[in-house]
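Subject: Structure handover

Hello,

Here is the structure for you to look over. My notes follow below.

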Amino acid sequence: SKLAKYIRFYTNICHKIKLPVNLTSLPLAPDIVGIFKHTQYDVIYVSGYIRGVLTIAKINDGRCPVYYHHHVVTDILKESSIHGEEIFRACEKLGFVSQYACDKAHTGIVMYDKKIELFRNCIDTKKFHVSNRQEVRNQMREKYGIQSNDIVLVFVGRFVPNKGVLELLKAFREALKEVSNIKLILIGGETYSSNTKTEYISTC
């Protein structure tokens with residue numbers, strides 16, 4: 001998609017000039033701005049793009065409700081850098097991926113808290129169904145040296161602080177003291193397919 005290409009372009013520029021990749025500060029591409037300006041929608045749903053939601057809401061100018069789906073645990077109102085109060089005012093609803101995240105975002109202000117909703121990330125598992133599941137499972141376990149009775153934990157995502165990779169590793173090391181037959185697989189990178197080794201990744 002155009003947005004995916006735009007994100008890759010932005011990421012590559014950051015790498016070349018040795019700046020950290022911060023997708024939350026990624027500006028909207030001009031052609032995307034044009035689409036929002038000249039199209040009437042029933043509702044606008046923004047997923048994960050916390051700084052972009054204010055830009056989109058401004059362009060929308062109240063023409064339709066804006067719903068924002070937040071993917072991380074954040075006390076939005078107290079984080080002045082992301083203009084949390086403006087986000088609450090601009091959006092009809094703010095969805096969070098867990099009850100814990102909803103509780104963390106709780107403000108104590110009725111007009112804001114009534115906008116907070118639990119909206120979990122979901123996967124249609126049927127799309128990943130294979131008829132020879134056991135055979136594929138055994139092949140993958142053999143490839144990575146995992147025994148048949150090992151318990152496998154998998155993390156898939158970006159290796160950045162707000163995803164909690166470091167905390168996961170610490171918890172895993174503690175779990176190993178109690179359960180020896182567990183394995184942890186980390187799948188991801190700094191951002192999308194990037195293999196850049198950042199200071200945070202080195203810490204992990």
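Is Lys-177 buried or exposed? Lys-177 is exposed, at a relative accessible area of 61%. Here, buried means under 20% relative accessible area, exposed means over 50%, and partly exposed lies in between (1.4 Å probe, protein chains only).

Some ground rules. This is a predicted model, so local features need pLDDT of at least 70 and side-chain atom pairs count only at pLDDT 80 or more, while totals for chains, interfaces and linings use all residues. Residues are numbered from 1 along each chain as its sequence is written, and side-chain values use heavy atoms, with hydrogens and water left out.

Salt bridges

The whole structure holds 5 salt bridges (a side-chain nitrogen of Lys or Arg within 4 Å of a carboxyl oxygen of Asp or Glu).

- Lys-177 pairs with Glu-174 at 3.0 Å, N to O. Glu-174 is partly exposed, at 47%.
- Lys-183 pairs with Asp-150, also at 3.0 Å, N to O. This pair links distant parts of the chain, 33 residues apart. Lys-183 sits in strand β6 (182–187), and Asp-150 in the loop between α7 (133–143) and β5 (151–156). Helices (H or I, at least four residues) and strands (E, at least two) are DSSP runs, numbered from the N terminus. Asp-150 is buried at 7%, whereas Lys-183 is partly exposed at 30%.
- Lys-78 meets Asp-75 at 4.0 Å, N to O. Lys-78 is exposed at 70%; Asp-75 counts as buried at 18%.

Nonpolar cores

A nonpolar core is a set of buried Ala, Val, Leu, Ile, Met, Phe, Trp, Tyr and Cys residues joined through side-chain atoms within 4.5 Å. The largest has 26 residues. Val-46, Val-53, Leu-94 and Phe-96 have the most contacts inside it. Helix α3 gives the most to this core, with 4 residues. A second, separate core has 5 residues, including Phe-159 and Tyr-200.

α3 is mostly covered, with 7 of its 9 residues buried. Among them are Val-53, Leu-54 and Ile-56. Asp-61 follows α3 and has a positive phi, near 55 degrees.

Surface patch

Val-43, Tyr-45, Tyr-67 and Phe-119 form a nonpolar surface patch with about 370 Å² of accessible area together (Shrake-Rupley method, 1.4 Å probe; only the protein chains shown count as cover). Patch residues have over 30% relative accessible area and no salt bridge; like charges are joined within 9 Å, nonpolar side chains (Val, Leu, Ile, Met, Phe, Trp, Tyr) within 5 Å. Val-43 lies in the loop between α2 and β1 and is partly exposed, at 41%.

Best wishes
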